[in-house]
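Open the model in your viewer and keep the sequence panel beside it. The stops below go one selection at a time.

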Amino acid sequence: MAEWVICSSCQLKHSRRVSGICPRCQSPVDDAGPLDTIPAPAVPGVYEGPQTGASSLGSLAQSARGSQLKVARAILLFVGLITFGVNAVAFANAEANVEAAFGEELAKANTIGGGPFRVLQFRRGRYLEQVGRIVRSVRLATGGGALLGLVFIGCGLGVRRYPVPATVAGLVLYIGGSAIFLYIDPETNLRPVALVMKLIIVFALFKAVRAAVHYQKVSLGDE
Amino acid sequence: MTLDGGDPGRELTRCWRCGRDVLRTLEACPHCAAPRRRGVRRPSIDSSRKDAGRLPGVLVVFGILLAISVLHVILVSSGAKPDAAPAALVRRQLAGLLAFELLTTAVIVAGIRILGRPSRWPPVNTGSTLAAWGLSVVGLLLMVRLNTGYHELLQQQLGPAPIDAATAAALRGSALAYLVLCFQPAVVEEIFFRWLTLDSLREAMGVPAAVLTSSLMFGIAHIGMPLSIPILMVLGVLLGLARVATGSLVLPIALHFFHNLVLLVQG
């Protein structure tokens, strides 16, 4: 059944129009009745009309920003899980890996540098001390890497609740972590595939930061 | 023409049928109900580009600074001559550091020129400022102790320090060292991290998160000393709190300067 309203300008009783405009005098109907979708004019003489088009575009934009944040969340969780997994495994196997690397070096020295005498000259105590020190260094680096992975996961989980801090911290940590790993192991990290992947992730996170700032502004404006 | 100080959502256009002013965002003219013509600008999904403020620009400047730091570290490690005399080695490294710092200063100045000055810090009452100055002395002493303790622990675990006694003595004897290790970082880093970055972050995320994030960035910026990053983050928090408590850069600059000075003199 049609809903009746009375125009305040020409007093025409008419069925309520979607546009909120009186069909006779074309002026906005102030007596909007139960539906409150018609906003008050912002400037005298200029009627803004029902905001359905604009607000739907606004919510479209907001949902697009939300999906950018979802991408950021997925990236941070992915990077976090990979970083944590790789470093946790390396942390657990640090001793075996270092001893294997030392064994390889010794074998090389044994074949190149004059047979078994070189190995005999290598003092056992000094060997253990060196291995212990390198194992501690490796554990420190891989433990730090695993912690960084956990922080990435935390940032990923926090994207929805704290969009700006989580995305900014994620981006800064990612750039910083990449720079540190580049410093530690330039050969692996300077490969074209690794570089391209890092650039893509940095670009996506950067876009997410921009989207997060705007998303937060709009969300705060709605409250 | 706009109604609301440049807000694109409130821009006016003229209706093609009745010629009256209509908001661009409306689907139809409210006066004559004429449908909007195609080609009229709608609010863009990516309108965040303008509205995101200074923060993305600050992150770009930070990325550039980090890239310069990595380049500096690579150049230093590739050009190192361990057999050189400590004094010559120190002179050479300080000259490289000076060039690096001039470059970072230029990047930061350019960043400030491009991005503009952050909004003014809200006024801070005198009591809070005085308390911050008083507590900062204790904070500085604690920070220096924490820093030396942390590095002693690292030294115990990982072996001898990268700087030997002769190099440390040569550093202490060089006037350039005080400029490039104490004065320049205290002024330029504080301007970037505690002014431009902290203020831009504060506009976007509030004070506590801004202090933490800016100190994270401060720590990571010291990529040349990766093992010192955690303790530098703690220092960054202290300096950020000093900035928040006093509302000015004078105390963070003073704290940063004296922190570096004490560590340099201690060797």
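This is a predicted model.

**Stop 1: chain A**

Select chain A and colour by secondary structure. Chain A has 7 helices and 2 strands. Follow the chain along its sequence: the order is β-β-α-α-α-α-α-α-α. Now turn to burial. Chain A has 223 residues, and 30% of them count as buried. Look at contacts too. Among contacts in chain A with a separation of 6 or more, 62% join residues 24 or more positions apart.

**Stop 2: α4 of chain B**

Switch to chain B and select residues 126-158, which form helix α4. This helix has 33 residues. From first C-alpha to last, α4(B) reaches 46 Å, close to the 48 Å expected at 1.5 Å a residue. Where does α4(B) bend? Centre on Ser136(B): the helix bends there by about 30°. Ser136(B) is also buried, as are Ala132(B) and Met143(B). Before leaving, step past the end of α4(B) to Gly159(B), where phi is positive, near 110°.

**Stop 3: α6 against α8**

Select residues 175-205 of chain B, helix α6, and keep α8(B) on display. Two packed helices are described by the angle between their axes and the distance between the axes. Here the angle is about 60°, and the axes lie 11 Å apart. The two helices, α6(B) and α8(B), are therefore oblique to each other. The crossing of α6(B) past α8(B) is right-handed.

Which residues meet across this pair? Show side chains for Glu190(B), Phe193(B), Arg194(B) and Leu198(B) on α6(B). Facing them on α8(B) are Gly236(B), Leu239(B), Gly240(B) and Arg243(B).

**Stop 4: α9 of chain B**

Finish on α9(B). Its 17 residues should span 24 Å at 1.5 Å a residue, and its end C-alpha atoms are 24 Å apart, so the two agree. Pick out the buried residues: Leu251(B), Pro252(B), Ile253(B), Leu255(B), His256(B), His259(B) and Asn260(B). What do they pack against? Display α4, α6 and α8 of chain B together: the buried residues of α9(B) pack against these helices.

Technical notes
Residues numbered from 1 in each chain as written. Chains lettered and ligands numbered in written order. Predicted model: local features only at pLDDT ≥ 70, side-chain atom pairs only at ≥ 80, totals over all residues. Helix = DSSP H or I, 4+ residues; strand = E, 2+ residues; numbered from the N terminus. Expected span 1.5 Å × (residues − 1). Bend = angle between axes of the 7 residues up to and from the residue. Buried ≥ 20, exposed ≤ 12 C-beta atoms within 10 Å, placed from the backbone. Axes fitted to C-alpha atoms, helices over the stretch in contact; angles between N-to-C directions. Parallel < 35°, antiparallel > 145°, perpendicular 65-115°, else oblique. Left-handed = near helix turned anticlockwise from the far one by under 90°. Contact = placed C-beta atoms within 7 Å.
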